[in-house]
Amino acid sequence: MNNQTTVISQDKLDAQLAYCNKINDLWRSRGITPTAYVETYGCQQNEADSEKLRGILCESGYAITDTAENADVVVMNTCAIREHAEQRVFGNLGALTHTKRRHPGQKIFLCGCMAGQTVVTDRIKKSYPHVDGVFSTHHLWQFAEILYRVLTAGKRVFYIEDEPGSIAEGLPQMRDHTLKAWVSIMYGCNNFCTYCIVPYVRGRERSRKSGDILAECRQLIENGTREITLLGQNVNSYGKDLDEGVDFADLLLKIAEIPGDFLIRFMTSHPRDASQKLFDAMASSPKIAKQLHLPFQSGSSRVLKAMNRHYDREVYLQKVNYAKSVMPDLVLTSDVIVGFPGETEEEFEETISLIQQVRYDSLFTFIFSPRPGTPAAKMEDLTPKEEKNRRFDKLCAVQNTISEEIHSGYIGKTFRCLIDGTDKDFLTARTEGGRLVRLQGDKALIGTFQPVTITGSTTWSLTGTLNKE
Ligand code: SAH
Ligand code: SF4
Ligand code: F3S
């Protein structure tokens, strides 16, 4: 227990709300309803942050639009996980010079994980003069103040000081969906996997108080949310920085006790901290989805050590086997990196054999991307790009076959699914394991759980029919 988590005081949050009111007044005096566009890159954590950015914008009088064209404010909420993600942002940021030329009053902001890196902010300062404000994830709660300063001071504003990170409760939030909600239970990461930028741009691990999380979940469920996804870079270390004596398994069970018809999902679990207690808790409650995203990253124990993952192939497999033994219908997904510096052909084959052994429903596959400032970026990397591409293609082909086989095995089975929307003439639904199903039916069923029998499958999705009871 280190009890170092800093919670932003109510006074400071009230001061931010006062900035929202001042921004409102600015626009009202001009008789204009301003518009804002928020573009999100990266993971669910960023999706959840964008809901807060939109909430602050709404509180400040902005109407949210779905394009940068003509918007009075454009916010790019960025991701730094791989070089490709950053290149996309720089490309799209460059294109905003044109929207700003057509609408000179436009104010452009860059935030999110890229804004936590000095190399990025230096480049923005030098080469992207049309960007008006930059703020790192640690300063998101001050967005109203940043926006107000940009609108009134007429100069560029940078809130990029590095810090361990804090927790701001009660920020305005504009949720994207009513049926499904993200709930961040913790922020940051302490793991320092050698390839990963996240601990540098999101600060140290810090958990929200369980009471705050429960109150948020209770309210969501009362308002009709049917699926809650708990978010954190490593949810299994939830609570270690608090003195509540509540770990992640305890938290899951407390949320499951809230009355109502809903399902709890969570991501991401770090295999090192995934315990039997967690798997037993999952197995014990019908409200906790039997779905586990458990990134293994590599099937080679030597590579895992070089990645600083703190588990080896055997330990990983033992955990997966235990989880499957207590949850026979468990849907397992994972992340994997190919071409980590020094990965040999044999070590890559160990990754292939691991996926053949575990048989994931689906995988997120990545080619190693060196991130400046991380230890792996300095490791000798002699494997040619073409060879990495070959390994990547082989990995995807093996996984696609497995996904297809697992999916075709679903045919004829009946699953309880949440009907969550429409796609052209079809209803869309998710199985408890999170697999997408298309089916025909009445739109009035959206928001309800229904038994669905699977009738067809592809690598990525399923088709089904409503099972009339
Ligand atoms: N906290 C999560 C992962 C978040 S990042 C966890 O530890 O499981 C999502 C995924 O991106 C990682 O699991 C990893 O597979 C991939 N990733 C992270 N850094 C990367 C890099 N430098 N190059 C390629 N893939 C990377
Ligand atoms: Fe990155 Fe590792 Fe933390 Fe995941 S656990 S965010 S991969 S450092
Ligand atoms: Fe990207 Fe930041 Fe998420 S780097 S993957 S948006 S935590």
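Tutor: Here we go through a pocket, a ligand shell and some salt bridges. This is a predicted model, where local features need pLDDT of at least 70, side-chain atom pairs count only at pLDDT 80 or more, and totals for chains, interfaces and linings use all residues. Residues are numbered from 1 along each chain as its sequence is written, chains are lettered from A and ligands numbered from 1 in the order in which they are written, and side-chain values use heavy atoms, with hydrogens and water left out.

Student: What volume does the second largest pocket have?

Tutor: General idea to start with: rolling a probe the size of a water molecule over the atoms shows where empty space is left. On a 1 Å grid over the protein atoms alone, a pocket is an open set of points where a 1.4 Å probe fits, with protein on both sides within 12 Å along at least five of seven lines; lining residues have an atom within 4 Å of a point. Points are joined across faces, edges and corners, and a volume is the space filled by probe spheres set on them. Here, the second largest pocket comes to about 520 Å³.

Student: Which residues lie nearest its centre?

Tutor: Pro328, Asp329, Leu330, Val331 and Phe415, out of 21 lining residues. Strand E17 (414-423) and strand E15 (331-338) each give two or more, and E17 gives the most, with three. Strands (E, at least two residues) and helices (H or I, at least four) are DSSP runs, numbered from the N terminus.

Student: How do I sort a lining by class?

Tutor: Ala, Val, Leu, Ile, Met, Phe, Trp, Tyr, Cys and Pro are nonpolar, Asp, Glu, Lys and Arg charged, and the others, Gly among them, polar. This pocket's lining has nine nonpolar, three polar and nine charged residues.

Student: And what surrounds ligand 2?

Tutor: A residue counts as near if one of its heavy atoms lies within 4 Å. The shell includes Cys189, Phe192, His270 and Arg309, and it divides into seven nonpolar, three polar and one charged.

Student: How many salt bridges are there?

Tutor: A salt bridge is a side-chain nitrogen of Lys or Arg within 4 Å of a carboxyl oxygen of Asp or Glu. The structure holds 28. In one of them, Lys180 meets Asp420 at 2.6 Å, N to O. Lys180 sits in strand E9 (residues 180-184) and Asp420 in strand E17, 240 residues apart.

Student: Which residues form a network?

Tutor: Salt bridges link Glu51, Glu169, Arg175, Arg208 and Glu216.
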